[in-house]
Amino acid sequence: MERDHMAAGTYDSRSVTRVPHTAPRRTAWIPVAAQILIGSGAVGVIGLWWSDTTSVVGMEGWLTDGGRITGLLAGYACAVLLALMARIPVLDRSVGSDRLARWHAMGGRYTLSLALAHTLLIIWGYALTSHANVVDQTTTLVLHYPDLLKGTAGFLLLMGTALVSARAARRRLRYETWHYLHFATYVAVFLVFGHQLSNGADFVGNRSAQLAWYAMYLGVAALLVWFRFVVPLRRGLRHRLRVAEVRGESPGVVSVYVTGEHLDELGAESGQFFRWRFLTPGLWWAANPYSLSAPAHPRFLRITVKAVGAHSAALAGLTPGTRVWAEGPYGGFTAARRTTTKTLLLGGGVGITPLRALLETLPGDITLLYRARRPEDLALRGELDTIAAARGARILYSVDEPAAHHMPLTAAALLRYVPDLRERDVYLCGPPGMTDAARGALRDAGVPRHRIHHESFAF
């Protein structure tokens, strides 16, 4: 059903933000540059092996050198994986948190494959060289080579992390449990690091290679400590966030208003999210990602959350004055991704939250398409209509029930209601099934891939 200007309800953000007339920032080169840098590092690692290898002779030589190459690449990949999750602002805002997470997941699979190949090839190659069986050779390596017992423990920890990260296992774990188990990766990399320098043929006696390896790992460690621990701690102490109010929006959906000091210094943009930790029994140990559902205000921040799990359901019971620890802002789902002056915001369910903030602040010609199961599930509807009326935006509502007001998520339907769809950037946020269907429909409708902007919190 289409309603361009419905009756406005209470408007929580006090007044509509003045829309800035700014040109899109060009940041598309940063993800490409990051990929080139990662690839160049891998080439450099292979070059280290090449410079230290005069010849490869016999089956044992091929196996051992294959183990050397895969070991070097696995060690390099471990550093890259940690850097991708360091929450470096320039990467987080230009590449996007979900895209970095996908790179991390894909890189994790490569890393584990390389580590496994390294282990098997080295054992096999050394066994052939010493004319021993594989079991005896494994025992000798683990128990008698320097730092290899710790390296073995680190390898097993990496494999354990891989098991809990597998899709079948993730579905059975709460987000918070999976998140804390993932910290075992830090311990695994620490245990493996010493083995690389003590036993790696490319490092023993090669001071330059050792210094380069130390510099890479210490640099990544510094990024992790600074952006994942020091910056959140410093901001938490400075901004002193507290819950100001919890307000019901629709069935199972509440808005949480958080106040604090010097909030303008956070530099939060519409479309971004924070990782919120509410310091109250049952919630203090979990930091979950929720998007801002209104533009950041000098006096308060707001999130709007649907009860889909224990953590999100508990937010309805927060009391004013509860201390809050927020890490962020994170994410690249912002105005910086625009390539044109026309935009379609396409949201489903509580995925409307970042889109509601973008609706208020994105410049240009804006159309919002909001999908939900029932009319009463259209959260923040009064605010959306108020903003649309103030800035002349167009809103299309679609609900599954009653069926008369349902718009199928197909290319034909999208082009019917948004005829200039191919000329627009599309910001997409909603449940995984809806966003997958929407991406397919948008591609079928002829929207270029680089104009479809999506950020997900799935782990």
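Guide: Tyr257 and Phe300 are both buried. Buried stands for under 20% relative accessible area, exposed for over 50% and partly exposed for in between, with a 1.4 Å probe and protein chains only. This model is predicted, so local features need pLDDT of at least 70 and side-chain atom pairs pLDDT 80 or more, while totals for chains, interfaces and linings use all residues. Residues are numbered from 1 along each chain as its sequence is written, and side-chain values use heavy atoms, leaving out hydrogens and water.

Visitor: How many aromatic pairs does a search of the whole structure find?

Guide: The search finds 12 aromatic pairs. In the pair of Tyr257 and Phe300, the ring centres are 5.7 Å apart and the planes stand at 50°.

Visitor: Why is the pair of Tyr257 and Phe300 called tilted?

Guide: Rings of Phe, Tyr and Trp (its six-membered ring) pair if their centres lie within 6.5 Å, and planes under 30 degrees apart are stacked, over 60 edge-to-face, the rest tilted. With centres 5.7 Å apart and planes at 50°, the rings of Tyr257 and Phe300 therefore make a tilted pair. Tyr257 belongs to strand β2 (residues 253–259) and Phe300 to strand β5 (residues 300–306), so this pair ties together parts 43 residues apart in sequence. Helices (H or I, at least four residues) and strands (E, at least two) are DSSP runs, numbered from the N terminus.

Visitor: What makes the pair of Phe274 and Trp276 tilted?

Guide: Their ring centres are 5.2 Å apart and their planes are at 50°, so tilted is the word here too. Phe274 and Trp276 are both buried.

Visitor: Which residues do ring pairs link into a cluster?

Guide: The cluster consists of Phe193, Phe203, Trp213, Tyr214 and Tyr217.

Visitor: How do you know that the charged end of Arg381 sits over the ring of Tyr397?

Guide: The rule asks for NZ of Lys or CZ of Arg within 6 Å of the ring centre and within 35 degrees of the ring normal. Arg381 meets it, with its charged end 4.7 Å from the centre of the Tyr397 ring.

Visitor: Why do Asp202 and Arg68 count as a salt bridge?

Guide: A salt bridge needs a side-chain nitrogen of Lys or Arg within 4 Å of a carboxyl oxygen of Asp or Glu. For Asp202 and Arg68 the N to O distance is 2.6 Å. Asp202 is in the loop between α9 (184–199) and α10, Arg68 is in helix α2 (residues 58–84), and the two are 134 residues apart. Asp202 has a relative accessible area of 2%, so Asp202 is buried. Arg68, at 15%, counts as buried as well.

Visitor: What makes Arg302 and Glu383 a salt bridge?

Guide: The closest N and O atoms of Arg302 and Glu383 are 2.7 Å apart. This pair links strand β5, which holds Arg302, with helix α13, which holds Glu383, 81 residues apart. Relative accessibility is 1% for Arg302, so Arg302 counts as buried, and 2% for Glu383, which is buried too.

Visitor: Is Asp365, the partner of Arg424 in a salt bridge, buried or partly exposed?

Guide: Asp365 has 34% relative accessibility, so Asp365 counts as partly exposed, whereas Arg424, at 4%, counts as buried. The N to O distance between Arg424 and Asp365 is 3.3 Å. A network of salt bridges links Lys342, Asp365, Asp420, Glu423 and Arg424.

Visitor: How do you know that Trp226 is partly exposed?

Guide: Its relative accessible area is 40%, so Trp226 is partly exposed. Trp226 sits in helix α10 (residues 207–239).

Visitor: What makes Asp147 and His262 stand out?

Guide: Most residues other than glycine have a negative phi, and most peptide bonds are trans. Asp147, which is not a glycine, has a positive phi of about 65°. His262, not a glycine either, has a positive phi of about 55°. Asp147 lies in the loop between α5 (134–144) and α6 (148–165), and His262 in the loop between β2 and β3 (273–278).
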